[in-house]
Amino acid sequence: SIISIGDLPRARFTTPPLTTVEIPRYEMGSRAVEVVASDLEPLGTDTGSVPFHPTIVELSSVTDLVNR
């Protein structure tokens, strides 16, 4: 099994089509802007941490080991 990271558009055109991990880029970018903007606030403001949940886009490059 082969998996790439980043949900590359061309991964669908490889042989076999490559399974990818889709990264929530928009959400990460939005949060980054919030953190940078919070740096403009008074010191001591906690920006916290936010978990991001990637998604697996399963195509033909993985083998089903459970149902073999």
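**View 1. Val21 meets its partner across the sheet.** Start with Val21, whose bridge partner in S3 is Ile56. S2 and S3 run antiparallel, and 3 bridges join them. Two strands are called paired here if DSSP finds at least two bridges between them. The strands themselves (E, at least two residues) are DSSP runs, numbered from the N terminus, as are helices (H or I, at least four residues).

**A quick note before the other views.** This is a predicted model, so local features need pLDDT of at least 70 and side-chain atom pairs count only at pLDDT 80 or more, while totals for chains, interfaces and linings use all residues. Residues are numbered from 1 along each chain as its sequence is written, and side-chain values use heavy atoms, with hydrogens and water left out.

**View 2. The whole sheet, strand by strand.** Here you have an open sheet of 3 strands in the order S1-S2-S3, with mixed pairing. S1 and S3 (55-57) sit at the edges with a single partner strand each, so one side of each has no neighbour in the sheet. On average, neighbouring strands of this sheet are turned by 25° against each other, direction ignored. The axes behind that kind of angle are lines fitted to C-alpha atoms (for helices, over the stretch in contact), and angles run from 0 to 180 degrees between N-to-C directions.

**View 3. Thr20, tucked into S2.** Thr20 is found in strand S2. Its relative accessibility is 1%, so Thr20 counts as buried; the cut-offs are under 20% relative accessible area for buried, over 50% for exposed, and partly exposed in between (1.4 Å probe, protein chains only). Leaving aside neighbours within four places in sequence, Thr20 is in contact (heavy atoms within 4.5 Å) with Ile3, Ser4, Asp7, Leu8, Ala11, Thr55, Ile56 and Val57.

**View 4. Ser4, over in S1.** Ser4 is found in strand S1 and is buried too, with a relative accessible area of 13%. Again leaving aside neighbours within four places in sequence, Ser4 is in contact with Leu18, Thr19, Thr20 and Val21. Ser4 and Glu22 are 18 residues apart along the chain, and their C-alpha atoms are separated by 9.0 Å.

**View 5. A cis bond at Pro16.** Look at the loop between S1 and S2, which is the place of Pro16. The peptide bond from Thr15 to Pro16 is cis, with omega near -5°.

**View 6. How confident is the predictor?** The protein chain averages a pLDDT (the predictor's confidence in each residue, from 0 to 100) of 79, and 82% of the residues score at least 70.
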